[in-house]
Amino acid sequence: MIEQWATSHRTRARFMLMLDPQARRELGESAARLADGFVDRAEALTGSRQRGRLLIGLIDGLLLDEVIRGTVTAEERRDRLDAVRRIVAAEQ
């Protein structure tokens, strides 16, 4: 599920909205619902809102790195997401 989340168009759209305050303002409630939906899904995956936000932060960092460096290989993405799983599991 984390793989789908990290590579989904919704995740990338949310990420781009975070970088564009004007677009966030224009979308208003829609942008807030999208962001809240991610927190809700992350909370469901991790068992707590705090760990959910940690998961989002880790995945956002990975996405930012991909945007800056370009596309990573499927193997590199898998390794990164495995590391995220271990980090979030350690927080439990």
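**Exercise 1. Work out how many helices and strands the protein chain has.**

Solution. The protein chain has six helices and zero strands, where helices (H or I, at least four residues) and strands (E, at least two) are DSSP runs, numbered from the N terminus. Along the sequence, the pattern reads α-α-α-α-α-α. A word on the source: this is a predicted model, in which local features need pLDDT of at least 70, side-chain atom pairs count only at pLDDT 80 or more, and totals for chains, interfaces and linings use all residues. Residues are numbered from 1 along each chain as its sequence is written, and side-chain values use heavy atoms, with hydrogens and water left out.

**Exercise 2. Check the span of helix 5 against its 21 residues.**

Solution. Start with the rule: the expected span is 1.5 Å times one less than the number of residues. For the 21 residues of helix 5 this gives 30 Å, and its end C-alpha atoms are 30 Å apart, so the two agree.

**Exercise 3. Find which residues of helix 5 are buried.**

Solution. Buried means under 20% relative accessible area (1.4 Å probe, protein chains only). In helix 5, the buried residues are R51, G52, L55, I56, I59, D60, L62, L63 and E66. As a reminder, an α-helix has 3.6 residues a turn, so residues three or four places apart point the same way.

**Exercise 4. Locate the largest nonpolar core and the residues with the most contacts inside it.**

Solution. A nonpolar core is a set of buried Ala, Val, Leu, Ile, Met, Phe, Trp, Tyr and Cys residues joined through side-chain atoms within 4.5 Å. The largest has 16 residues, and L17, L55, I56 and V84 have the most contacts inside it. Helix 2 (9-19), helix 4 (29-46), helix 5 (49-69) and helix 6 (74-91) each give two or more residues to this core.

Definitions and conventions. Buried < 20%, exposed > 50% of the residue type's maximum accessible area, 1.4 Å probe, protein only.
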